[in-house]
Amino acid sequence: MEKVVNILIGIIAFIHILFLIVQIFFWNTEFVQKRIVGNFTPEEISAILAKNQGLYNGFLAAGLIWGSFILQKVPQIEPSSIVIFFLICVAIAGIFGSITLKRPTAFLIQSLPAILALFLLWYPHF
């Protein structure tokens with residue numbers, strides 16, 4: 001059963017890598033625009049994409065809350081890897097957002113606090 005689950009996880013990860021590639025590199029191609037954007041107006045597709053971004057940000061927050069809860073309540077589990085993973089995700093999202101928006105706001109609001117938290121988590125290990 002474990003082998004089947006690992007294969008399924010690999011397939012799911014692969015599908016999401018394809019989503020990433022399409023959304024980042026091929027979004028403006030005619031092929032993608034016809035199949036995904038379809039008959040939506042620019043305002044409708046913008047609202048849909050914003051909702052998706054909001055959901056992904058919610059997942060990042062949930063992961064950080066989960067990791068923080070484990071840090072406090074279950075000391076025998078090594079939770080820092082959970083928190084570290086999600087903090088790195090937030091930092092990368094902020095850097096990417098700043099680059100794509102061409103504004104430092106995303107870096108200041110997302111990346112900087114995440115980088116500071118990572119530093120404070122790792123500080124005792126220096």
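Is Tyr-56 buried, partly exposed or exposed? Tyr-56 is partly exposed, because its relative accessible area is 45%. Here buried means under 20% relative accessible area, exposed means over 50%, and partly exposed lies in between, with a 1.4 Å probe and protein chains only. This is a predicted model, in which local features need pLDDT of at least 70, side-chain atom pairs count only at pLDDT 80 or more, and totals for chains, interfaces and linings use all residues. Residues are numbered from 1 along each chain as its sequence is written, and side-chain values use heavy atoms, with hydrogens and water left out.

Helices are DSSP runs of H or I with at least four residues, numbered from the N terminus. Phe-59 is also partly exposed, at 49% relative accessible area.

A search of the whole structure finds two aromatic pairs. Tyr-56 and Phe-59 form a tilted pair, because their ring centres are 6.4 Å apart and their planes stand at 45°. Rings of Phe, Tyr and Trp (its six-membered ring) pair if their centres lie within 6.5 Å; planes under 30 degrees apart count as stacked, over 60 as edge-to-face and the rest as tilted. Phe-85 and Phe-86 form an edge-to-face pair, 5.0 Å centre to centre with 80° between the planes. Phe-85 is partly exposed at 48% relative accessibility. Phe-86 is buried at 16%.

What does Phe-86 touch, not counting residues up to four places away in sequence? Phe-86 touches Phe-59, Leu-60, Gly-63, Leu-64 and Trp-66. Contact means heavy atoms within 4.5 Å.

H3 spans residues 42-73 and H4 spans residues 80-101. They pack at an angle of about 155°, with their axes 8 Å apart. That angle makes H3 roughly antiparallel to H4. Axes are lines fitted to C-alpha atoms, for helices over the stretch in contact, and angles run from 0 to 180 degrees between N-to-C directions. Angles under 35 degrees count as roughly parallel, over 145 as roughly antiparallel, 65 to 115 as roughly perpendicular and the rest as oblique. The crossing of H3 and H4 is left-handed: the near helix is turned anticlockwise from the far one by less than a right angle, whereas clockwise would be right-handed.

H3 brings Phe-59, Leu-60, Gly-63 and Leu-64 to this contact, among others. From H4 come residues including Ile-82, Val-83, Phe-86 and Leu-87. By class, the contact of H3 with H4 has 12 nonpolar, four polar and no charged residues. Ala, Val, Leu, Ile, Met, Phe, Trp, Tyr, Cys and Pro count as nonpolar, Asp, Glu, Lys and Arg as charged, and the others, Gly among them, as polar.

Move on along the chain. H4 also packs with helix H5, residues 105-122. Their angle is about 150° and their axes are 7 Å apart. H4 and H5 are therefore roughly antiparallel to each other. This crossing is left-handed. The H4 side of the contact includes Val-83, Leu-87, Gly-94 and Ser-98. The H5 side includes Thr-105, Phe-107, Ala-114 and Trp-122. The contact of H4 with H5 has 16 nonpolar, six polar and no charged residues.

Ser-98 lies in H4 and is buried, with a relative accessible area of 12%. Leaving aside its neighbours within four places in sequence, Ser-98 is in contact with Arg-103, Pro-104, Thr-105, Ala-106 and Phe-107.

The loop between H4 and H5 holds Lys-102. Lys-102 is exposed, at 74% relative accessible area. Its phi is near 60°, a positive value in a residue other than glycine. Most residues other than glycine have a negative phi.

Two C-alpha distances close the tour. Phe-86 and Ala-114 are 28 residues apart along the chain, and their C-alpha atoms are separated by 8.9 Å. Phe-59 and Phe-19 are 40 residues apart in sequence and 17 Å apart in space, C-alpha to C-alpha.

Technical notes
Helix = DSSP H or I, 4+ residues; strand = E, 2+ residues; numbered from the N terminus.
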